[in-house]
Every structure is written in C-alpha cells, then in structure tokens.
Amino acid sequence: MNIKKIACLILAGVMMCSVTACGKKADADVLMREAKTNANAIQNCTAVISSTLQFAANGKQNTFKTGNEIVYWAKPFALKSTQTSLLGGTAGNSVSYTVTDSSGVWFYSSSGGEWQKTSAGNIGTTPLEQVDILRLLDSVSSQKYVRETTLGSQKVHKLEITFQSEVLRSTIENIVTATGMGKGSQTVVQTLLDSSPAVYGYCYIDETTGQIARIELDATEAINKIFQNIDGNGITVNVSKCDITGDIGNIGKAPAVELPPQASAAQTVQAAG
C-alpha cells in the first residue's frame, strides 16, 4: 500500500511539473538576442518591406506608399533591390544592384534607361545592415513574449516589441514637408519626435530555425497623438493609416543576383559629394 501511495505521489509530481513547463512562456530577450545572431549569419535570402502613410491636412488627403523587394547574398556580397513608390500622387519604380567584383563593391542604377556604375565605398554588407526590415531592429528598445502562433504554415513565437521614436522620423518628415509645417524651423521634426508616445509592433520568430520571419509596426495612433499636441500652427493633421510590414523568406534558397547585360556594360561615374 505504501509503495502504491509513493508511486501515485511521484506520478502526480511529474504531471504537475509537466503542466508547469507547458504553461511557462519563452524568454523574449533570449529569443530576440538569438534571432539577431541567426539573422546576421544568413548567407542568402529574399525580403520584402512595405510602408503606407495616409493622412489629411486641413482636409486635403495625402498618400505615401513605398515598397522594396530584395535578393540578398552575403558571399560575395550582392544585392538586388526593386523599389516602388506612390508619393503625392506620383508613382515610381526602379531596380538597382550592388555587387562585388575583384576591384570592390559597386552600385548599379538606371536613370532614363541608361545604367550607371558608382563605387559603393565601404558599405556594411551584413544582413542586419542591408535587409530593410532587419534594420528596424536598431530602433527596438524592448520586447515581450505574447504567444505561440502560426504565420502561414510556419509555427512562430510572437513578440510585442517597443520601438524608439526614431523609427518615426521619416514619417514625420513627410508630413511636415507636405504640410509646410516646418517652414522657418530647423527643429520641428525633432520636437515632434520628442513628444512621441510609446510605439509598438510585433516580431515573429520561426520556432524551428530561430529566424525572424516578419516584423510589423502600426504607428497610426502614435502619429495622431504627436500631431494633436501641436498648438497654434493653423494646420490640423489626421492620420488614417501609418504602418510598416516586412517579411523574410527563402533563407538559404534565394535566386542568384545577376547583373543585366546593360548594367554590366555601364560606365563608371563619380559618386555625388
């Protein structure tokens, strides 16, 4: 009888430990630290990022949309970038390449159908420096574990991340420029940044590989609060959408970056400045 009781107690203890383990959340700081390390070790990948800013200033609607699809290779360093934009009603698109040869790293771009070749200098070539969505990590100040979930067919860890206000700089610059709010002031953008509330987003980390799969940020509420705090400028700004989303894929399986023949034959020009 005593043996049975002991066995039952042991079994109950094992079950309790199992329940406790199952209920324990992963450590967000550890996940993020390891994910950054894993990301910087990527040898090749594809990535896409898109941003949308829609706002009305004194009733006038404004829309800014940008997108960038890249193919990245670490060794030898190569990058293909396909950019799209819609700025103030004007649409644009462009393709550029940054590749390495025996004489250095070169940037190739097309203007009016004519390709130009410019020295890229001593640019950083790591994934954290060249993959747009990963560069957002420089503005992350903290992270908190949310839950396990799925992203498409991937099982992922979902983290809530807090961004520094600097992540909003280009957005605020666009609004200030479009509205003429910054005329005669050299400090208006920084003043607005300094008044920013907390900015939150999410980071999704693949459970199997430990790689970052997606980062997303919705700053609509934060931007509205920033511009509601301005008094006496005569301009009313209402933001209906302000978000950034980026995904990384094809890790280790990205297509090769190959210069088109016209780019390969481009003449070298001196970089401006």
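Buried here means under 20% relative accessible area, exposed over 50%, and partly exposed in between (1.4 Å probe, protein chains only). Everything below comes from a predicted model, where local features need pLDDT of at least 70, side-chain atom pairs count only at pLDDT 80 or more, and totals for chains, interfaces and linings use all residues. Residues are numbered from 1 along each chain as its sequence is written, and side-chain values use heavy atoms, with hydrogens and water left out.

**View A. Helix α2 and its buried side.** Helices (H or I, at least four residues) and strands (E, at least two) are DSSP runs, numbered from the N terminus. Ala28, Leu31, Met32, Ala35 and Ala39 are the buried residues of α2. Looking down the helix axis, they fall within an arc of 95 degrees (taken from the directions from the axis to the C-beta atoms), so they line one face of α2. Arg33 and Thr37 are exposed on the face turned away from that buried side.

**View B. A salt bridge between Arg214 and Asp247.** A salt bridge is a side-chain nitrogen of Lys or Arg within 4 Å of a carboxyl oxygen of Asp or Glu. Here the Arg214 and Asp247 side chains meet at 2.6 Å, N to O. Arg214 sits in strand β10 and Asp247 in strand β11, so the pair ties together parts 33 residues apart in sequence.

View C. Glu221 pairs up with Lys225 in a salt bridge, their closest N and O atoms being 3.3 Å apart. Both lie in helix α7, four residues apart, or about one turn of the helix. Glu221 is exposed at 55% relative accessible area, while Lys225 is partly exposed at 39%.
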